[in-house]
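Please have the structure open while reading.

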Amino acid sequence: MRILITGITGFVGSHLAEYILSLNEGHEIYGLCRWRSPRDNLVNIHNKVSLLEADICDLSALIRQIKTIKPDIIFHLAAQSYVLTSFNSPVHTLWTNAIGTTNLLEAVRIVEIDPVMHICSSSEVYGQVTKEDVPIKETCPLRPASPYAVSKVAEDMVAYQYWLSYGIKTIRTRMFTHTGPRRGDVFVMSAFTKQVAAAELNLKDSVIRVGNLKSVRTFCDVRDAVKAYWILVNKCKPGEVYNIGGNRTMTVGEALDIVLSFSKKKFEIKVDPQLLRPSDVTLQIPCIDKFRNDTGWEPEVPLKETLKDMLDYWKDQLSRCPWKALTVSK
Ligand code: A2R
């Protein structure tokens with residue numbers, strides 16, 4: 001099958017491409033990227049995937065590449081993916097996630113192909129839920145609490161509307177917290193593991209900068225997440241929406257304690273006001289019964305293993321490129 005992954009150079013896209021290749025089923029993988037997209041995440045598979053250039057904000061570029069590839073399956077992962085940045089760049093976030101998704105759907109409609117399309121919405125669409133809403137079902141009201149969340153509501157709804165109006169076979173996921181090696185270092189567990197790795201390599205002091213440690217999250221490993229996405233396009237019905245997430249619920253502070261237990265160093269924990277969101281979503285516990293019942297998927301990777309792999313990833317990155325300890329990049 002011909003498979004297109006938008007956002008293939010990102011965190012999830014690169015793991016998804018690796019997973020599909022590991023199945024050895026002979027699928028052809030195409031990825032959309034921009035001319036300056038970093039290729040580092042594809043280092044293990046760069047000669048096994050075909051990269052084509054298209055910014056999802058450019059409809060004509062999308063039409064050109066969709067015509068060339070004619071994919072059977074599209075995983076739409078390209079996005080401005082960081083909630084805090086969305087407060088600084090709301091228009092860019094809405095443009096990329098809402099208009100970019102509409103462009104992709106339009107390109108599929110205009111080129112007249114009939115792929116199964118996975119549309120990556122987000123648990124952020126539920127916003128600040130009440131205790132009665134937890135665990136969060138797909139029927140929970142949408143109360144988006146950031147420009148990112150609003151952009152994902154739009155992405156989610158436009159995908160549904162293209163199914164209703166044109167029969168374009170979209171299936172939406174609302175993935176809860178997922179993490180793993182290669183996660184951008186602005187994301188909480190990646191930021192923590194990077195700081196611990198840098199201190200262990202004596203590249204920085206033993207201070208961990210943190211945001212809100214009281215937020216409750218249910219963690220899922222990215223390698224479980226991409227398996228879920230693959231099962232989704234193969235087993236689920238178009239028009240559906242699914243919550244997907246892990247099964248280990250704890251505060252961000254408790255997850256930090258696990259990371260610190262890997263190290264013999266003593267760390268000082270310092271709250272950085274810049275890491276606190278203007279309106280924080282603090283209670284993200286999913287009900288994944290619908291997806292579990294429809295597919296049989298279960299998260300498998302233990303959180304301890306995920307966090308250890310992230311620490312090892314950062315140790316490897318920082319020992320090869322020590323200057324990365326000085327910067328926070330995405
Ligand atoms: O920014 P780049 O050039 O490095 O590429 C990123 C891509 N992307 C775009 N691609 C084409 N046109 C655009 N205008 C555009 N803006 C961003 O999306 C990168 O390859 C990918 C995002 O990667 P990450 O930030 O690592 O996100 P992650 O965690 O892989 O998220 C995947 C999906 C997204 O829909 C999130 O909103 C959702 O999962 O949580």
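## Aromatic pairs

The model is predicted. It contains 7 aromatic pairs. One of them joins Tyr313 and Trp314 in an edge-to-face arrangement, with 5.1 Å from centre to centre and 70 degrees between the planes. The pair counts as edge-to-face because the angle between its planes is over 60 degrees. Trp314 is buried, because its relative accessibility of 6% is under the 20% limit.

Elsewhere, Tyr242, Phe291 and Trp297 are linked by ring pairs into a cluster.

## Charges over rings

Tyr242, a member of that cluster, also has Lys290 over its face, 4.9 Å from the ring centre. A further case is Phe187: Arg183 lies over the face of this ring, at 3.7 Å from the centre.

## Cavity

Searching the whole structure for cavities of 30 Å³ or more gives 1. The largest cavity holds about 60 Å³ of space. Its lining consists of Phe219, Cys220, Asp221, Asp224, Gly246, Asn247, Arg248, Pro299, Val301, Pro302, Leu303 and Thr306. Two or more lining residues come from each of β9 (216-221) and α10 (303-320), and β9 gives the most, with 3 residues.

By residue class, the lining of the largest cavity has 6 nonpolar, 3 polar and 3 charged members. At least three residues of this lining come from each of domain 1 (2-178 + 219-244) and domain 2 (184-218 + 248-283 + 301-327).

Terms used: Residues are numbered from 1 along each chain as its sequence is written. This is a predicted model: local features need pLDDT of at least 70, side-chain atom pairs count only at pLDDT 80 or more; totals for chains, interfaces and linings use all residues. Side-chain values use heavy atoms; hydrogens and water are left out. Rings of Phe, Tyr and Trp (its six-membered ring) pair if their centres lie within 6.5 Å; planes under 30 degrees apart count as stacked, over 60 as edge-to-face and the rest as tilted. Buried means under 20% relative accessible area, exposed over 50%, partly exposed in between (1.4 Å probe, protein chains only). A charge sits over a ring if NZ of Lys or CZ of Arg is within 6 Å of the ring centre and within 35 degrees of the ring normal. On a 1 Å grid over the protein atoms alone, a cavity is a set of points where a 1.4 Å probe fits but cannot get out, and a pocket is an open set with protein on both sides within 12 Å along at least five of seven lines; lining residues have an atom within 4 Å of a point. Grid points are joined across faces, edges and corners, and a volume is the space filled by probe spheres set on the points. Helices (H or I, at least four residues) and strands (E, at least two) are DSSP runs, numbered from the N terminus. Ala, Val, Leu, Ile, Met, Phe, Trp, Tyr, Cys and Pro count as nonpolar, Asp, Glu, Lys and Arg as charged, and the others, Gly among them, as polar. Domain bounds come from an automatic or database domain assignment.
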